[in-house]
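Trainee: I would like to learn how to read the interfaces in a two-chain model. Could you take me through the features in turn?

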Amino acid sequence: MTYPSNALQTAFDHVDNKLQGRDNQGGLTLSGPYGAGKSHGLLVLYHLFNRPTVAQKWIEEWDVSLNLPESSKATIHSTSETDADLIWEPIFEDLGREDILDDIKRYPTTEHLEQLTEEEPVAIFFDEIETWWESFDKSENEELLERNEFFLQHLFEVANDPQEDLFAFATLLDKSQDIKRIVNRTNPYAVDMNDTGDREQIILHRLFETRQDDVDEKAVRDIVSEYVDHYNYPIEIDEPKRYENRMVETYPFHPELLDLLDDVYDAGRERQSVRGVMNVLADTVRRKYNETDLLITCDIEPSAFRGINQTLFNRYVSDKDAVDDIDFGEDLLRTIFLYTIEEREQRASVTECLLGTFKPQKTTVDKLHMSLEGLYGVAHYLDRDSQKENYYLTEDPKLTALVTREQERVLEDDRGSIEETLVDVVRNDVWSDDVYVYPDEDVPDRKELTTVVMLDYLSNGALRGKLDDFFGGRTYQNTVLFVTPKKEIRDDSEIIGKAARVLGAENLRGNVDDGGELASIIRDERRELRNELEDRFGKWVKWSEGPNGDGIRMRRIDVTADVDDVKDKVGRDKTYVGEKIREEVADAENGIAIASMLNDFKQFRRMPILLSDEVFYSAVSQLYRDEKVVLEGDRANFYVPQKSDALPDLTDDLTIHHPDNLDDSIFEEEPEPEPSSENEGEGESSSENNDTTALTQKPETKAVSSKPDSTDSVTVSTEVIKLEGNNARVLRSMADSRINGEKDETTHIDLSYDVDNLSKDELVEFLEQLPSGKHIDATLTVEREDEN
Amino acid sequence: MRTELLTQLVENDDPVPAVWDTLWDIWYPTGDDVSEHYRRETESVSYERLLLDVYQEFFTDVLPHKCVNEASLNVPEDGTFVVMDAMSVREASMFVDMLQEEGYEPETGFSFSSVPSETKFYRDRVNYSELKRNHKTADVKSQDPTLDGDEEIIWCRYPDALLENIQEGKTKLSSIEEMYEKTETALRAILDQLDTDRIVIGSDHGYARLDAGHTFQISDGEKSALQETFSGRFESVGEVDASHLVDAGLVVEADGYYMPIGRYTWPARGKYSTFQHGGLSLLECITPRIEVTL
């Protein structure tokens with residue numbers, strides 16, 4: 001049974017006014033989008049005139065004020081069924097007035113039409129007249145169109161005649177400007193079927209047999225009030241009592257559900273309106289009627305709306321699995337999806353989310369609210385506004401939200417992986433994959449130079465302890481360049497937070513279809529972390545032999561986060577390497593094989609660090625050229641620079657000797673054929689003497705009178721003699737052999753000391769040991785650590 | 001330590017045990033690994049140089065006398081004499097370690113090579129062809145020999161066959177570590193298969209390392225003189241006259257041969273080896289003996 005909606009009742013009023021003579025207008029159009037009920041309304045009106053007696057009973061049942069005539073005639077024409085060239089012909093035929101047709105020439109005149117109502121009221125109905133009109137070809141059917149136009153004009157004119165009981169009804173979709181122009185000439189009443197104001201009543205009437213008046217309102221109110229009683233913060237309802245009343249009125253549907261569906265369909269005027277809502281609700285009732293006491297938004301099956309936005313629907317489906325672990329996550333997501341596809345708002349407020357999902361027998365509003373907040377970052381396509389007041393689904397994954405969520409999760413559950421990420425960024429991004437990170441990674445014990453970075457910010461004592469552990473049992477101790485941070489890293493919450501964010505973003509790889517945005521986010525997050533970390537490096541740990549040869553000392557030198565900078569600080573000075581080689585071989589009576597010496601440089605931290613083997617070989621070559629070492633090959637094959645032996649290939653088996661440790665016979669040349677002279681004695685002198693010769697500058701000679709007036713003069717020459725060694729005894733020995741006790745007087749001494757990182761106390765002690773002089777100049781080279 | 005041992009050289013009637021003890025102290029306990037162990041060579045050289053400096057007669061009289069008169073190969077009763085060709089104190093100390101790890105209780109001592117310190121001269125000296133007739137013997141030339149178990153004399157060509165292959169001139173063919181590993185493998189295989197109560201492991205001679213850092217320093221003139229006289233590590237007195245080198249203290253004459261003393265050597269061209277024997281150095285002439293009761 002049809003429900004007399006507000007719109008229909010408006011139409012009824014117009015009919016009644018005409019019938020009762022209160023109004024002359026019998027023309028009426030029904031408008032509205034597809035599904036608004038135009039055709040249904042037209043049929044109701046048709047039945048009023050076609051079966052007035054039956055209709056009158058129905059009208060009275062609904063308590064509507066309309067007095068129908070005892071008899072009347074009606075004819076209805078749906079252009080989808082009637083394809084007449086001249087539309088009046090089936091009308092006159094249906095009304096049994098073919099006789100008039102015979103009298104019509106080009107089109108019915110008003111007189112012809114007035115003849116129709118001579119005996120009783122007549123109502124003529126057109127459904128979808130615009131479709132029929134627009135089917136004519138305007139150029140080919142010009143005459144037909146013109147004849148039909150005159151008919152329609154006359155029809156609505158007569159319908160507007162107070163003397164004639166003629167009614168003309170037409171449904172309009174606003175598709176034809178011609179029809180609109182023709183019909184509106186007489187200003188017929190227009191009833192908007194969509195703007196009925198009682199759509200909910202229509203829906204309820206059409207879905208349920210039970211009339212609203214027969215529903216047990218108390219029982220309904222009991223159910224509804226249980227809901228309303230729980231509608232507390234953060235649900236916001238202005239007037240709970242009024243809201244409750246509305247819920248009673250729309251029962252068994254939640255008013256929010258009906259409003260939402262109304263908005264969803266209303267937004268798309270082209271779509272089937274109430275008819276679509278009807279189907280959705282009918283389906284929901286069928287599925288849920290024995291499961292729930294109130295149908296709310298989340299009870300709706302979202303697939304019904306996939307046509308509105310297939311992509312968004314797919315996103316919803318994709319996210320269902322993601323929120324599986326969240327209580328009512330899927331219900332909340334469904335509610336949010338439905339609000340999102342509503343084109344005007346495209347979002348669900350917190351209140352809408354909760355009202356659309358909450359059922360008092362299942363959970364509490366608080367718990368549901370927690371679940372709602374928990375969705376964010378878990379559902380890949382869920383986003384919310386910055387105030388967290390509205391939620392919505394997006395077609396593209398909400399990556400920043402997901403990253404934030406994953407960041408929070410790893411911070412809570414996966415500290416180990418965060419540290420791994422930190423290590424990865426330090427190694428690959430900060431240090432360009434050129435380092436090991438200790439102790440997180442195993443550092444190979446190898447001959448090649450290795451830079452090792454630490455993330456722990458430690459005091460000197462703690463660092464020393466940790467590095468002692470590292471070096472314990474390690475063969476190649478002097479190939480490791482340790483760099484420590486100059487600020488906290490591992491224990492800095494900001495750094496850990498950023499590393500967690502990088503990890504969070506990387507964890508999403510393969511889980512979201514992002515079109516490349518995730519890669520960009522990962523890149524940005526890594527860059528941000530890298531920049532932060534770069535500022536925190538670093539200090540290179542420099543080892544050196546203790547001042548008295550008692551163990552090794554540790555110092556920290558500023559470096560930037562760049563292996564090349566660390567190497568620059570290490571230095572490539574082969575002079576120091578050469579000095580160390582000489583020092584070592586001086587203590588080795590039988591010399592040291594090149595391979596063994598090179599190995600020592602790599603093993604022992606007291607030695608200078610070799611940036612490359614080439615530095616070592618170059619230093620050996622230089623020492624040889626400077627006649628500071630002698631080399632020995634297999635089977636007593638000695639290479640003696642003092643004898644001008646060419647430098648041999650520096651193969652591993654060669655042994656390096658300090659000249660002082662070699663027998664004099666090594667330096668003896670093959671006997672020369674020439675007779676010996678005074679110089680022969682010098683030739684037999686020790687290698688030190690040879691050194692001295694080589695290092696002695698050519699004397700400057702000047703004549704000095706022994707007495708001012710004397711013509712005899714004594715030649716005095718000035719000679720610079722270089723004494724070199726690592727202790728006073730060696731220098732004294734050199735001085736003994738090179739300075740003539742009777743003839744020579746020393747006038748100036750330049751002392752230059754290479755020392756091993758003296759502390760202040762050690763320096764003072766050193767200076768105090770120096771003898772006094774007329775004037776002493778001292779230039780100190782000091783390495784100073786900057787405070788950070 | 002060294003002073004004490006030097007004192008013994010003077011005080012003892014026979015200085016050889018003191019020299020042997022010093023050598024053994026240098027080489028035993030063994031190094032942490034084979035490479036480290038062989039680096040003791042330097043210490044050995046120093047000692048030999050010192051001995052030559054303070055007790056030249058040890059090289060000119062004592063050691064030649066011992067080699068001429070006391071080189072021996074005594075097959076133990078109910079046992080086997082295993083000759084490890086060219087085994088020196090360097091290897092013997094590591095064999096002792098190996099045997100102890102296997103659960104044996106080895107006893108160590110020493111003997112002598114002949115002069116020159118070559119297999120041929122040793123075999124002649126101990127009358128090896130007679131020994132072979134009287135004892136069941138086996139010749140071992142691989143790391144994986146097959147023995148009957150009741151052999152009384154076993155002549156293992158290792159390490160001598162391997163020493164020659166370590167180096168040809170400046171070309172490295174193998175390594176001293178590899179040489180040792182293969183020799184030990186062969187010895188283990190021999191010991192595993194012998195079914196006798198007692199085993200004596202000895203050698204016909206040792207060897208001298210003449211690579212860099214392991215020789216005595218020498219003048220160019222002396223080098224030239226040696227080079228002109230010697231084509232190998234020894235020369236027959238009938239072939240050359242090296243009396244001037246004997247006078248110079250570089251060479252000793254014994255049993256009709258001239259041999260360089262200790263680590264004296266001279267440059268050689270071509271495919272020379274730095275692992276040599278035939279001369280009169282401590283590690284060539286004083287050979288280790290290890291006795292094991294099974």
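**Reading the interfaces**

Mentor: Between domain 1 of chain B and domain 2 of chain B there are 12 residue pairs in polar contact, both residues being at pLDDT 80 or more; a polar contact is a pair of N or O atoms within 3.5 Å, where within protein one must be able to donate a hydrogen and the other to accept it, and residues adjacent in sequence count only if both atoms are side-chain atoms. The largest share of the domain 1 side of chain B that touches domain 2 of chain B, six residues, comes from H4(B), helices (H or I, at least four residues) and strands (E, at least two) being DSSP runs numbered from the N terminus.

Trainee: What conventions apply to the model and its numbering?

Mentor: This is a predicted model, in which local features need pLDDT of at least 70 and side-chain atom pairs count only at pLDDT 80 or more, while totals for chains, interfaces and linings use all residues. Residues are numbered from 1 along each chain as its sequence is written, chains are lettered from A and ligands numbered from 1 in the order in which they are written, and side-chain values use heavy atoms, with hydrogens and water left out.

Trainee: How is chain B divided into domains, and how many salt bridges does the rule find between them?

Mentor: Domain bounds come from an automatic or database domain assignment, and here domain 1 of chain B covers 1–219 + 273–294, with domain 2 at 220–272. A salt bridge is a side-chain nitrogen of Lys or Arg within 4 Å of a carboxyl oxygen of Asp or Glu; the rule finds four across this interface, including that of Arg263(B) with Glu48(B), whose closest N and O atoms are 2.8 Å apart.

Trainee: How should I read the extent of that interface?

Mentor: Contact means heavy atoms within 4.5 Å, and by that criterion 40 residues of domain 1 of chain B meet 23 residues of domain 2 of chain B. Buried area is the accessible area (1.4 Å probe) that two parts lose on being put together, summed over both; for these two domains of chain B the figure is about 2500 Å², with 62% of it on carbon and sulfur atoms.

Trainee: Which residues supply 42% of the area that chain A buries against chain B?

Mentor: Chain A and chain B bury about 1900 Å² between them, carbon and sulfur atoms giving 43%. Asn590(A), Asp634(A) and Arg635(A) supply 42% of the area on the chain A side, more than any other three residues. The one salt bridge between the chains joins Lys643(A) to Asp220(B), with the closest N and O atoms 2.6 Å apart.
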